[in-house]
Amino acid sequence: MNEKKMFEAFNRLFSNENISKLKDKAIYKIGNSYMLFEQYEIVAVPAGYKVMKLHTDTVNIFSSLQYAVTWAVLNKRNLIYEENRVRDLDIELASLDVIIKSAENVKKKQKLDFLRYNRLAE
């Protein structure tokens, strides 16, 4: 294949029409944010990752990028029960992390009392 044919093949592959078809199926990073399916934007915030559904007022904050992407994919597929479950599980896991960290801090300073020991054991 000569250079001219290869250049034409690349131009056809990366034409505006093909790129616009892929945008609603793609996940890509722009600066510090992620764009998903041209419908969702994920931005890192101090509390975790904020997912914004574009052209609506839907905003959720998740503790990790994996949970945020999972929620966006489930929302795109209109799996309402599963997306709500992911959001609820993220909240529960984040609260458990706080409890574990506080129990570990107390454990370093002093002996655990009965209630904190049970919480940590759970």
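Trainee: How many aromatic pairs does the count come to?
Mentor: This is a predicted model: local features need pLDDT of at least 70, side-chain atom pairs count only at pLDDT 80 or more, and totals for chains, interfaces and linings use all residues. Residues are numbered from 1 along each chain as its sequence is written, and side-chain values use heavy atoms, with hydrogens and water left out. Rings of Phe, Tyr and Trp (its six-membered ring) pair if their centres lie within 6.5 Å; planes under 30 degrees apart are stacked, over 60 edge-to-face, and the rest tilted. By this rule, the count is three aromatic pairs.

Trainee: Which kind of pair do Tyr 40 and Trp 71 make?
Mentor: Their ring centres lie 6.2 Å apart. The planes meet at 85 degrees, so the pair is edge-to-face.

Trainee: Are Tyr 40 and Trp 71 buried or exposed?
Mentor: The test is relative accessible area (1.4 Å probe, protein chains only): under 20% is buried, over 50% exposed, and in between partly exposed. For Trp 71 the value is 1%. Both Tyr 40 and Trp 71 are buried.

Trainee: Which kind of pair do Phe 62 and Trp 71 form?
Mentor: Phe 62 is also buried, at 1% relative accessibility. The two rings are 6.1 Å apart from centre to centre, with 40 degrees between the planes. This aromatic pair is tilted.

Trainee: Which residues form the one aromatic cluster with Tyr 40 and Trp 71?
Mentor: Phe 62 pairs with Trp 71, and Tyr 40 pairs with Trp 71 too. The cluster has one further member, which gives Phe 62 and Phe 37.

Trainee: Which residues does Arg 87 touch, leaving aside neighbours within four places in sequence?
Mentor: Arg 87 lies in helix H4 (residues 80–109) and is partly exposed, with a relative accessible area of 26%. Contact means heavy atoms within 4.5 Å. By that test, Arg 87 touches Asn 60, Phe 62 and Trp 71.

Trainee: What is the relative accessibility of Phe 14?
Mentor: Phe 14 sits in the loop between H1 and helix H2 (16–23). Together with Met 6, Phe 10, Leu 13 and Ile 19, Phe 14 forms a nonpolar patch on the surface. Phe 14 counts as exposed, because its relative accessibility is 51%.

Trainee: What is the phi of His 55, roughly?
Mentor: His 55 is found in the loop between strand E4 (48–53) and strand E5 (59–62). At 81% relative accessibility, His 55 counts as exposed. Although His 55 is not a glycine, its phi is positive, at about 65 degrees.

Trainee: And what is the phi of Glu 38?
Mentor: Glu 38 lies in the loop between strand E2 (33–36) and E3. Its relative accessible area of 31% makes Glu 38 partly exposed. Glu 38, again not a glycine, has a positive phi of about 60 degrees.

Trainee: What pattern do the elements follow along the sequence?
Mentor: The protein has five helices and five strands. Read along the sequence, they give α-α-β-β-β-β-β-α-α-α.

Notes. Helix = DSSP H or I, 4+ residues; strand = E, 2+ residues; numbered from the N terminus. Patch = residues over 30% accessible without salt bridge, like charges linked within 9 Å, V, L, I, M, F, W, Y side chains within 5 Å. Areas by Shrake-Rupley, 256 points an atom, 1.4 Å probe, with all protein chains shown as cover. Salt bridge = Lys/Arg side-chain N within 4 Å of Asp/Glu carboxyl O.
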